[in-house]
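Hi,

Here is the structure I promised to pass on. Have a look at it first, and then read my notes below.

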Amino acid sequence: MTQAVRPNLLGLSPAKLSSLLEGMGEKPFRARQILRWIHQRGELDFKAMTDISLSCRERLARETRLEPPPLRSRHDAGDGCVKWVLGTASGSSVEMVYIPEGGRGTLCISSQAGCTLDCSFCATGKQGFDSNLTAAEIIGQIWLARRELDSFASGAEARVTNVVFMGMGEPLLNFENVMDAVDLLLDDLAYGLSKRRVTISTAGVVPGIERMRGRTDAALAISLHAPNDELRNELVPLNRKYPIAALLEAARNYMAGLGEKRPPLIEYTLIRGVNDHRRHARELAALLRDFPCKINLIPFNEFSASEYRRPSGSSLGNFREILRQAGHTVTVRTTRADEIAAACGQLVGAVRDQTRRSERHRRREQAGIAEKNLIAGFGSRSREAATREGEAR
Ligand code: SAH
């Protein structure tokens with residue numbers, strides 16, 4: 001078999017690994033052994049899997065492969081956070097971040113190289129889109145993080161206790177691969193994480209949330225960011241397709257299907273002068289009045305291609321207070337790892353953009369700079385002419 005068609009066992013869900021081995025005439029328990037070797041002991045060499053018969057090991061080495069994505073670089077922040085840049089088979093690079101906090105260690109992973117959604121405040125979106133990550137490229141992130149953090153060693157502390165799909169990409173637009181990776185994250189023979197500690201964050205892909213029902217019981221986070229459709233259409237263009245009412249309804253149904261009290265997380269990025277006013281807080285409190293949830297406020301993380309600004313401390317405080325007084329549970333996401341550009345919305349990797357979006361954004365940005373320079377320089381030039389000139393560069 002050629003390299004290209006040899007299946008990469010790293011990304012096979014427990015069910016897919018079992019059926020592959022069954023197809024090879026192997027006993028069902030082989031899958032359990034192999035899962036442990038790969039995901040619990042970090043072994044990539046079939047030869048070392050000594051409790052598996054020699055003939056089976058040789059066949060696996062011939063017909064399959066075990067390949068994590070290549071690690072391109074590692075960046076350690078002073079506060080214990082680590083960012084890694086990984087290569088993808090499609091030629092892009094993506095990023096993941098490890099955030100230790102008390103007894104917890106959260107790994108924030110990517111699901112796509114780039115993103116198709118182009119939310120107005122997100123740096124990943126400005127990069128355009130290259131490809132979906134394969135299941136091996138998704139699960140390969142926790143595999144690499146565990147290796148890098150020395151937690152495969154026997155008796156080592158499991159330093160990754162939580163996984164959030166809050167890196168690059170929209171997980172529900174790469175549904176099957178994300179679900180295969182989630183199966184591995186939750187399986188006791190692989191990473192054995194609790195379903196409450198694996199969170200899928202979505203910008204609001206309603207059909208994806210509907211498909212999650214019955215397929216997984218991982219935790220759900222909704223990137224809401226606005227209390228009404230008009231504003232949300234501007235910030236999250238996907239809202240024009242799936243407006244807030246449909247989104248909250250899908251989330252409510254998913255939660256009801258879990259058969260237990262486990263409210264979703266509502267993420268709300270606060271942007272100065274855009275969605276951080278008291279009236280937005282009151283509107284949000286009213287919108288979520290009968291919607292059990294936890295609200296997570298994220299002060300906007302600035303990046304160079306965006307004119308948006310962080311909210312002031314007082315508007316953040318007021319916003320939180322209004323929600324709290326209305327009876328909501330509210331947390332504020334503190335910014336970590338800013339110095340290594342690893343905060344929310346700052347993960348960009350190097351996307352081989354297949355859309356023309358990154359180019360358009362770049363032109364618009366250059367036009368903006370040119371416009372400012374021209375206006376500053378000549379004063380009398382019309383805004384329109386300056387913009388046209390900037391675009392023609
Ligand atoms: N596509 C998924 C997951 C990726 S983003 C989603 O939208 O949920 C993870 C979170 O960070 C989302 O809530 C996202 O809206 C938020 N985010 C993106 N850019 C940000 C920025 N510049 N500052 C703060 N939060 C940001």
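What follows is a short tour, from the whole chain down to a few single residues.

Two points on conventions first. This is a predicted model, in which local features need pLDDT of at least 70 and side-chain atom pairs count only at pLDDT 80 or more, while totals for chains, interfaces and linings use all residues. Residues are numbered from 1 along each chain as its sequence is written.

**The chain as a whole**

The secondary structure comes to 13 helices and 12 strands; helices (H or I, at least four residues) and strands (E, at least two) are DSSP runs, numbered from the N terminus. Of the 393 residues in the chain, 44% are buried. Here a residue is buried if 20 or more other C-beta atoms lie within 10 Å of its own, exposed if 12 or fewer, and partly exposed in between, with C-beta atoms placed from the backbone. Contacts need C-beta atoms, again placed from the backbone, within 7 Å. Among contacts between residues at least 6 apart in sequence, 66% join residues at least 24 apart.

An open sheet is formed by 10 strands in the order 1-2-3-4-7-8-9-10-11-12, with mixed pairing; two strands pair if DSSP finds at least two bridges between them. Strand 1 (71-76) and strand 12 (329-332) are the edge strands, each pairing on one side only. From one strand to the next, the twist averages 20 degrees; angles run from 0 to 180 degrees between N-to-C directions, and axes are lines fitted to C-alpha atoms, for helices over the stretch in contact.

Strand 1 lies largely in the open, because the number buried among its six residues is zero.

Further along, strand 4 (residues 104-108) pairs with strand 7 (residues 162-165) in the parallel sense over three bridges, and Cys108 stands opposite Val164. Strand 7 also pairs with strand 8 (residues 198-202), again parallel and over three bridges. Val164 has Thr199 as its bridge partner in strand 8, and Phe165 has Ile200. Helix 6 (residues 175-186) carries the chain from strand 7 to strand 8 in a right-handed β-α-β crossover; right-handed means that, with the strands pointing away from the viewer, the path from the first strand over the helix to the second runs clockwise.

**A helix pair**

Helix 5 (residues 135-148) and helix 6 pack at about 35 degrees, with their axes 8 Å apart. Their crossing is right-handed; a crossing is left-handed if the near helix is turned anticlockwise from the far one by less than a right angle, and right-handed if clockwise. Helix 5 contributes Ala135, Ile138, Ile139 and Ile142 to the contact, while helix 6 contributes residues including Val178, Asp180 and Leu184. The residues of this contact divide into eight nonpolar, one polar and one charged, where Ala, Val, Leu, Ile, Met, Phe, Trp, Tyr, Cys and Pro count as nonpolar, Asp, Glu, Lys and Arg as charged, and the others, Gly among them, as polar.

**Loop residues to look at**

Most residues other than glycine have a negative phi. Asp118, in the loop between strand 5 (112-114) and helix 4 (123-126), has a positive phi near 55 degrees. Asp118 counts as buried because it has 21 C-beta neighbours inside 10 Å. His225, in the loop between strand 9 (219-223) and helix 8 (229-235), has a positive phi of about 65 degrees, and its 28 C-beta neighbours inside 10 Å make it buried.

Tyr308 sits in the loop between strand 11 (294-299) and helix 11 (313-325). With 19 C-beta neighbours inside 10 Å, Tyr308 counts as partly exposed. Not counting residues up to four places away in sequence, Tyr308 touches Phe121, Ile271, Val274 and Phe300. Its C-alpha atom is 8.7 Å from that of Gly273, 35 residues away along the chain.

Best wishes

Note on methods. Contact = placed C-beta atoms within 7 Å.
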